[in-house]
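Hi there,

Here is the structure I promised to send over. Have a look at it first, and then read on for what turned up.

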Amino acid sequence: MKIDKLIEEKRQDPEFNQYYLAEKDKLETAYALLEARENAGLTQTELAKKAHTTQSTIARIERGDNVSFEKLQNIASALNKRLKVEFV
């Protein structure tokens, strides 16, 4: 069975689907940060210094770990970006 088919079947379970969507959102945030950092030509260490945080914090966010809204705002500011949150 292909993974896409398996996920589609599992998503019929409301509890699984809730966790799936939450992880998807975290990974999309992680990818957005990684892409913005790379587009700015910064290493994790350089971005961390500009955002007044640690390199390990940037690494954790880029792998999808939880992060506070305030931390994301600081990082966005360090990248000369705005943080936009949408409820869709």
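Predicted model: local features only at pLDDT ≥ 70, side-chain atom pairs only at ≥ 80, totals over all residues.

A word on naming to begin with: helices (H or I, at least four residues) and strands (E, at least two) are DSSP runs, numbered from the N terminus. The residues themselves are numbered from 1 along each chain as its sequence is written.

Let me start with Thr 53, which sits in the loop between helix 3 (44–50) and helix 4 (55–62). Thr 53 is buried, at a relative accessible area of 17%; buried means under 20%, exposed over 50% and partly exposed in between, with a 1.4 Å probe and protein chains only. Apart from residues up to four places away in sequence, Thr 53 touches Ala 48, Ile 58 and Lys 71, where contact means heavy atoms within 4.5 Å.

Next comes helix 2 and its partner. The axes of helix 2 and helix 4 come within 7 Å and cross at roughly 125°; axes are lines fitted to C-alpha atoms, for helices over the stretch in contact, and angles run from 0 to 180 degrees between N-to-C directions. The two helices are therefore oblique to each other, given that under 35 degrees counts as roughly parallel, over 145 as roughly antiparallel, 65 to 115 as roughly perpendicular and the rest as oblique. Helix 2 contributes Ala 30, Leu 33, Leu 34 and Arg 37 to this contact, and helix 4 contributes Ile 58, Ile 61 and Glu 62.

Arg 37 belongs to helix 2 (residues 14–39) and is buried, with a relative accessible area of 9%. Its side chain and that of Glu 62 are joined by a polar contact of 2.6 Å, that is, a pair of N or O atoms within 3.5 Å; within protein, one must be able to donate a hydrogen and the other to accept it, and residues adjacent in sequence count only if both atoms are side-chain atoms. Beyond its neighbours within four places in sequence, Arg 37 also has contacts that include Leu 42, Leu 47 and Leu 79.

Best wishes

Key:
Heavy atoms only, no water.
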